[in-house]
Amino acid sequence: MSISALCAAAFGAAEPLFIGAGPEAGSHPCIVRRRVVNDGRVVSAIWRVTGLGVFNPIVNGRDAAPGEVLLPGFTHFKKRRQEVSLDVTGLWLADPGATNEVSALATGGWWCDAISARAGGSWPAFRGALSLIYADGSRAEIATDESWQVSLDTPQQAAGIWEGEVYDSRIEPKNWRPAVVSREFDGEVSPRIGGGVVLRHDLRMEGGSFDLKAGETKIFDFGQNCAALPLLRVRGASGVKVSVRLAEMLNDGVEGHKCDGPAGSLYLANMRGLKAGFDYVCNGAGAWGYMPSETFFGYRYASVSADGPVEGHIASIPVSSVSRQMEHGYVTTGDENVNKLVSAARFGMLSNYLSVPTDCPQRNERLGWTGDTQVFSKTACYFADVADFLRKWTLDVRDSQASNGVVPTVAPPGPFGGGGPVAGWSDAVVIVPHRVWRYLGDERIVRENWGAMMRFVDYVASTGYAIETGGVLCDWLSFERLTVNQRIAWNKDAITPGHRSYQLFLNACHLLGDIRMMREMGRAVAGVATGDELARLARFEREAESRLLSGWFTPEGDLVPLFDGMQTPALFALKLSLGDRARISSRLVAAIRANGGRLSTGFLGTPLLCEVLSEIGEPRIAYSLLLERGFPGWLYTIDQGATTMWERWNSYTRERGFGDAGMNSFNHYAYGAVAAWLFEHAAGLSPGAEAGWRDFTVAPEPDERLGFCRAWLDAGRGKMVSEWRFTGEGSVAYRIVVPEGTSATVRLAGREPFVLGPGDHAF
Ligand code: BGC
């Protein structure tokens with residue numbers, strides 16, 4: 001019996017049913033309602049709600065989940081719905097005999113829309129259980145069932161996550177008829193543990209006013225690319241249609257730049273056929289505020305056009321699963337461009353932590369790619385308390401894990417990805433819990449996922465670390481020999497034996513990394529691992545190491561010639577302490593030099609790059625890469641005008657225009673993972689031997705080219721600060737803040753480590 005069924009049974013109430021307009025209505029939105037007359041004075045009204053598709057819960061015509069959108073969120077279509085408990089007492093007319101109305105708009109998002117191409121469902125439905133408590137202590141339970149009414153006359157004429165919205169403000173619900181019970185879902189309904197999506201009004205961005213004649217278009221620049229919802233105020237004659245389209249970039253109009261329109265128009269080619277916006281039909285009444293709320297978009301620019309005269313205003317409200325309260329850390333430096341890069345990384349997180357951690361918020365993807373998630377997870381832990389958000393997502397991963405333990409490349413499932421295991425993607429099942437445990441001190445995620453991790457490594461180890469999945473991703477989008485991109489990944493003719501060998505090397509590296517993280521967690525988190533599991537992990541570790549050493553290392557401890565000139569294999573060897581450290585370090589440094597002092601890494605190598613350079617005592621090279629203005633490099637992208645990290649360093653260049661529109665997102669957060677290095681190495685703030693921040697380490701790596709660096713973090717124990725500044729003639733002033741109840745081990749260049757107690761310390 002599900003938890004909600006148990007609750008219902010405990011109160012002697014019927015279990016709520018999913019209700020909607022029935023299969024004939026297809027994915028058309030509907031509204032369901034019911035009147036409730038109080039039997040006495042109501043002192044509490046709690047509404048537990050969920051849906052097959054995105055819904056808006058409404059009590060007496062008012063939003064019952066103010067500040068939130070996109071309930072109940074993205075989960076495995078067949079296996080899980082999240083139920084949200086809303087306290088609606090404040091909206092309830094409490095008097096005995098008063099009539100209240102509960103209703104909900106139900107739409108197809110994440111259920112029967114295009115992003116759910118593999119879903120079991122075909123029509124939207126809503127489910128709610130309302131619990132009223134009267135002043136005398138008696139209760140009433142009102143559950144969704146056939147006694148509710150439904151109407152298809154909703155102003156939302158169409159809505160979907162990728163589809164956007166069509167809203168006709170002339171339409172009022174009518175033609176009410178009995179609601180139809182949906183039996184399309186037979187998975188589990190469980191209480192939401194994280195991943196709600198909030199409107200970030202604190203980040204509101206103004207577009208401006210418009211006064212348009214029929215056929216005119218006006219373009220607005222919000223100044224920041226991010227996931228958001230436009231807020232439109234518009235006045236126009238009844239029936240006039242206003243079209244809002246949203247884009248990340250504008251066409252520059254230069255010949256040969258792969259523009260899809262004249263200079264200054266929206267560049268929409270990289271949306272890969274999505275409408276990227278919404279239509280609003282006026283009703284002739286005065287200025288009306290409207291914000292689509294059954295979808296979301298990724299954009300910086302908007303165009304507004306109309307087929308009749310209209311006037312109004314447009315603003316933009318960012319949406320994210322990271323609320324303002326969750327943000328708990330930031331890093332600022334003496335270099336304006338690096339500061340822009342940090343801001344781009346933060347907006348990448350805000351945009352892509354949206355119900356699930358996504359690859360990008362704009363095109364026809366927005367999916368929980370496991371690789372993208374794991375590479376950014378540490379950075380996210382520095383910026384915000386994402387423990388519950390990522391706990392919820394690891395539940396999606398468990399729901400998506402195959403019975404043999406394989407973790408797919410996308411969770412929850414969507415129209416792209418799946419399959420696996422793929423090194424660096426599937427390993428998210430271990431890496432993400434490890435990051436949350438180590439950097440946020442949350443053990444729950446380890447306990448919740450231990451079984452899934454064991455099933456995964458047991459399977460991978462049982463294949464002898466040699467899984468052949470048909471395709472390869474290797475170090476996705478690198479600039480090295482053996483690079484893999486969308487033209488190579490699944491193309492048998494393009495995949496060389498070198499690619500296959502590289503993929504097997506990365507498989508074994510990731511497995512070894514997983515095992516070490518699991519041994520660390522298994523030893524530290526009391527009772528999580530059995531003795532037998534720990535012994536098995538120790539054996540797997542030896543096997544993985546020997547497989548790596550015999551397969552890809554020379555007897556002298558260097559990497560095999562297959563990897564000559566490449567940075568990423570050396571990064572993994574060093575990260576995992578394989579081979580001869582000195583030789584491989586010089587190989588890495590030489591590979592960077594040979595590439596003109598620039599990186600050549602892709603999705604898996606880039607997040608390791610600066611970190612490993614710091615670990616081998618080469619922070620100056622890490623800084624050189626960070627500050628590099630040429631291609632490829634972080635600041636190269638910033639110089640091209642990026643306000644979020646891009647899928648490619650050169651997704652757009654002023655010199656050559658747009659990259660291939662087939663896969664060109666301007667809000668892909670993976671490369672923003674370098675922000676973690678700024679916290680952990682440049683400023684030097686990291687958790688101590690124990691997970692969490694009771695004892696932490698401050699080991700700054702100052703560099704005069706950055707001039708100044710200040711990181712702060714308040715992960716529930718008070719604000720920690722590490723700051724340094726060059727004060728002239730090469731001397732550095734440090735400031736370290738240690739909160740009450742914590743202590744810091746400080747490591748400064750040229751001094752013995754020492755321990756600092758609570759206080760604000762300067763050196
Ligand atoms: C996604 C990526 C993902 C990759 C792997 C892309 O389409 O946007 O970020 O990791 O595919 O194949």
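1. The model is predicted, so local features require pLDDT of at least 70 and side-chain atom pairs count only at pLDDT 80 or more, whereas totals for chains, interfaces and linings use all residues. Residues are numbered from 1 along each chain as its sequence is written, and side-chain values use heavy atoms, with hydrogens and water left out.

2. Helix α3 (residues 370-383) packs against helix α14 (residues 674-682) at an angle of about 55 degrees, and their axes lie 8 Å apart. Helices here are DSSP runs of H or I with at least four residues, and strands are runs of E with at least two, numbered from the N terminus. Axes are lines fitted to C-alpha atoms, for helices over the stretch in contact, and angles run from 0 to 180 degrees between N-to-C directions.

3. In the contact (heavy atoms within 4.5 Å), α3 contributes Lys378, Thr379, Tyr382 and Phe383, while α14 contributes Ala675, Ala676, Phe679 and Glu680.

4. Six strands form an open sheet in the order β5-β4-β8-β2-β11-β14, with antiparallel pairing; two strands pair if DSSP finds at least two bridges between them. Because β5 (62-63) and β14 (177-178) are at the edges with a single partner strand each, one side of each has no neighbour in the sheet.

5. Strands β2 (residues 30-37) and β8 (residues 99-106) run antiparallel and are joined by eight bridges. Arg33 has Ser103 in β8 as its bridge partner.
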